[in-house]
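Subject: A structure for you to explore

Hello! Here is the structure I promised to pass on. Please open it next to this email and follow along as you read.

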Amino acid sequence: MSIIEVRGVRKTYRSGEADVPALRGIDLDIGRGQFLAVAGPSGSGKTTLLNLLGCLDSLDGGSIRIEGVDIASMDKTARARFRREKLGFVFQSYNLVPVLTVMENVAIPLELLGMDPKEIHARCMEVLEEVGLADKAKRRPGRLSGGQQQRVAVARALVKRPSLVLADEPTANLDSATGSSILDLMKAMNAKHGTTFVFSTHDRMVMDRASRLVLLHDGLVVSDEGVRT
Ligand SMILES: Nc1ncnc2c1ncn2[C@@H]1O[C@H](COP(=O)(O)OP(=O)(O)O)[C@@H](O)[C@H]1O
Ligand SMILES: [Mg+2]
């Protein structure tokens with residue numbers, strides 16, 4: 001079974017008088033464990049698609065099932081729980097909390113799950129080891145490089161062992177060598193834990209690292225290459 005089934009998905013933004021069609025009928029099946037890049041020029045609908053997959057916005061047509069559950073059929077509470085338990089997010093601008101330490105930032109998703117503090121500490125240290133930042137656990141994010149901050153964000157996304165990680169242009173603020181190492185890290189986590197990754201990019205280097213590449217143009221899928229299952 002696909003972890004994500006997207007069927008005829010449409011999304012139109014209404015800004016003032018004008019309607020802006022952002023997605024115009026997207027069909028996509030994403031198998032468990034895929035490492036999938038969504039590419040396309042600016043304005044092609046990448047962020048809109050990721051936001052819909054992440055239950056951060058509502059669709060105007062079609063349906064999205066994640067692990068067999070139609071997300072439109074869930075009420076607000078169920079959707080929030082679903083996000084908290086199953087999904088991890090990585091953003092272009094890291095979105096770390098500046099006043100918290102690295103460890104405290106990574107702990108946030110587990111605290112939201114109400115996990116025992118000892119267990120939280122152990123899980124955070126384990127994932128910080130995996131991303132190579134165990135020695136920075138007590139630092140504030142502002143004292144780290146951009147690449148290190150994005151590693152913290154990847155650790156935060158992975159700490160609860162989500163089924164799916166959504167990353168919207170995770171390397172856009174990084175130089176190419178640093179961006180490449182973030183991709184290596186995500187790929188390693190994909191291989192080790194079988195976590196499904198869907199990330200957007202318009203960077204050729206990032207597209208080349210994906211095992212499947214879905215290309216959007218004006219809100220439609222114009223090509224889909226690579227491993228589909
Ligand atoms: N909040 C919004 N209000 C109005 N139009 C929007 C909004 N967000 C995105 N759009 C429009 O939707 C289209 C797709 O945008 P987006 O999903 O952000 O594309 P991408 O991430 O590929 O750059 C663009 O035409 C964009 O201008
Ligand atoms: Mg975008």
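Which residues have the most contacts inside the largest nonpolar core? They are Leu36, Val106, Val154, Ala155, Leu166 and Val198, and the core has 62 residues. A nonpolar core here is a set of buried Ala, Val, Leu, Ile, Met, Phe, Trp, Tyr and Cys residues joined through C-beta atoms within 7 Å. A residue is buried if 20 or more other C-beta atoms lie within 10 Å of its own, exposed if 12 or fewer, and partly exposed in between, with C-beta atoms placed from the backbone.

Before going on, some notes on reading it. This is a predicted model, in which local features need pLDDT of at least 70 and side-chain atom pairs count only at pLDDT 80 or more, while totals for chains, interfaces and linings use all residues. Residues are numbered from 1 along each chain as its sequence is written, and chains are lettered from A and ligands numbered from 1 in the order in which they are written.

Helices (H or I, at least four residues) and strands (E, at least two) are DSSP runs, numbered from the N terminus. The helix that gives the most to the core is α5, with 6 residues. Helix α5 covers residues 146–158, and 10 of its 13 residues are buried, so α5 is largely enclosed by the rest of the structure. Among the buried ones are Val152, Ala153 and Leu158. Its cover includes β6, α3, α4, β7 and α6, where contact means that the C-beta atoms of two residues, placed from the backbone, lie within 7 Å. From first C-alpha to last, α5 reaches 18 Å, close to the expected 18 Å; the expected span is 1.5 Å times one less than the number of residues.

Val198 is another core residue to look at. Leaving out residues up to four places away in sequence, Val198 touches Ile30, Leu36, Val38, Leu50, Leu53, Leu164 and Leu166.

Now for the sheets. Two strands pair if DSSP finds at least two bridges between them. One open sheet has 6 strands in the order β6-β7-β8-β3-β9-β10, with mixed pairing. At its edges stand β6 and β10, each with a single partner strand, so one side of each is left without a neighbour in the sheet. Inside this sheet, β3 and β9 pair in the parallel sense over 4 bridges, and Ala39 has Leu215 as its bridge partner in β9. Helix α1 (residues 46–53) packs on the sheet, touching β3, β7, β8 and β9.

Another open sheet is formed by 4 antiparallel strands in the order β2-β1-β4-β5. Its edge strands are β2 and β5. Between β1 and β2 there are 11 bridges, and Lys11 has Leu23 as its bridge partner in β2.

Finally, two backbone angles. Most residues other than glycine have a negative phi. Glu67, in the loop between β4 and β5, has a positive phi near 50 degrees. Arg161 sits in the loop between α5 and β7, with a positive phi of about 55 degrees. Glu67 counts as partly exposed, whereas Arg161 is exposed.

Enjoy exploring!

Technical notes: Axes fitted to C-alpha atoms, helices over the stretch in contact; angles between N-to-C directions.
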